[in-house]
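Here are a few notes to read with the model open beside you. Take them one at a time, and find each named residue as you go.

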Amino acid sequence: MKHIYFAPLQGYTDDVYRRIHNRMVGNVEKYYTPFVRVEVGSIRSKDTRDISPANNKGVPVVPQIIFNSRKEFEYLTNRVKELGYTAIDLNMGCPFPLQAKHKRGSGILPYPETVSDIIEGIKGHSDINFSVKMRLGWQDNSEALKIIDLLNTIELEHITVHPRTGIQQYKGDIDIEGFQKIYEASRNPIVYNGDILTIDDICSIEEKFPDIKGIMIGRGLLGCPSLAAEYHNGKLWSKAERIALMLDMHSGLMEEYSKILKGDTQLHNKMRTFWEYSEELLTRKPYKKVMKSGNLKNYLSAVAELRHIY
Ligand SMILES: Cc1cc2nc3c(=O)[nH]c(=O)nc-3n(C[C@H](O)[C@H](O)[C@H](O)COP(=O)(O)O)c2cc1C
């Protein structure tokens, strides 16, 4: 059995979502937070709330940081450390042009000299278990191999690899051969990430790469939150059971978000995102009804109808 990690998804897997998922179904080894970054010299208050220990009680969380220099790396590492964390994930994979064009996320991969400087920084924080999340490159899938050579000089918790380049964003074919090269070249444990939607997908990666440490899943877990539990317990859930879990999570999220969001429009927008990756599970018509509900009242009645579809 491999470890299953919940991928960070900005706008989806916030502290509220992680608490509810962990409480209602869990079976996830670690939840990685969406990246924390420096904005006008400090951490955004939204990010501070997301990683504050009070909001993550009992949840196995690893904060993720994104940076383009040793200075940003040190600033963020020290802020996260002050909160009492002993593990930090380093984002070298984000493809969002706004970050990447400033050398953050996958935008750092063409700059081995900056990564070398970060590695010096990592060596100065022996009390922190660092992990890295990366892609095959920004433009070109040979970039990651140079970075892996550098990362081979230190000990990391693991390196999660999403086998696409930054310019591919989240679309286009996964480059499994590119992944294989990193899997073979890395002295650090490797975690696979990308396009895992079913137990069969998990098993096929396990079979191809028996030495991987684990599998990180993002959209597949959003669309079917019981996926890790089904894998660990060796038993597929029925559609009715999967939807029942989502409905329970929906109720928990509604309760929590209505305390912190202002007004029906904000609450409706937030709640809609919860179902975004569940078209396969809900089937097209009920899914469209939820996604195109237009306001909170229609949304709640579309969700209520889901109770009767299976
Ligand atoms: C909307 C969205 C937000 C994301 N936010 C982050 C993030 O904050 N940090 C990060 O490392 N990856 C982020 N990712 C990438 C995911 O963690 C993951 O690598 C990607 O979705 C591929 O895995 P999947 O196919 O299992 O979803 C994001 C992806 C999406 C679609």
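1. Start with burial: in this predicted model, buried residues account for 40% of the 310 residues in the protein chain.

2. Now look at the overall size. The C-alpha atoms of the protein chain fill a box of roughly 55 × 45 × 35 Å along the principal axes. For 310 residues, a compact globule would have a radius of gyration near 19 Å, and the protein chain agrees because its value is 19 Å.

3. Next, the secondary structure and how the chain folds back on itself. The protein chain has 15 helices and eleven strands. Take the contacts between residues at least 6 apart in sequence: 69% of these join residues at least 24 apart.

4. In soluble globular proteins, nonpolar side chains tend to be buried together. Which residues touch the most other members of the largest nonpolar core here? They are Tyr5, Phe6, Ile65, Met134, Ile215 and Ile217, out of 56 residues in that core. A second, separate core has eleven residues, including Phe274, Trp275, Val303 and Leu306.

5. Leaving aside residues up to four places away in sequence, Phe6 touches Thr13, Val28, Tyr31, Tyr32, Ile217 and Leu221. One of these partners, Ile217, is also listed among the core residues that touch the most other members.

6. Finally, turn to the ligand. How many residues surround the ligand? There are 22, and the closest are Ala7, Gln10, Pro34, Gly218 and Arg219. By type, the shell around the ligand divides into nine nonpolar, ten polar and three charged residues.

Notes:
Residues numbered from 1 in each chain as written. Predicted model: local features only at pLDDT ≥ 70, side-chain atom pairs only at ≥ 80, totals over all residues. Core = buried A, V, L, I, M, F, W, Y, C linked by C-beta atoms within 7 Å. Buried ≥ 20, exposed ≤ 12 C-beta atoms within 10 Å, placed from the backbone. Contact = placed C-beta atoms within 7 Å. Helix = DSSP H or I, 4+ residues; strand = E, 2+ residues; numbered from the N terminus. Rg over C-alpha atoms; globule rule 2.2 N^0.38 Å. Near = placed C-beta within 6 Å. Nonpolar A, V, L, I, M, F, W, Y, C, P; charged D, E, K, R; others polar.
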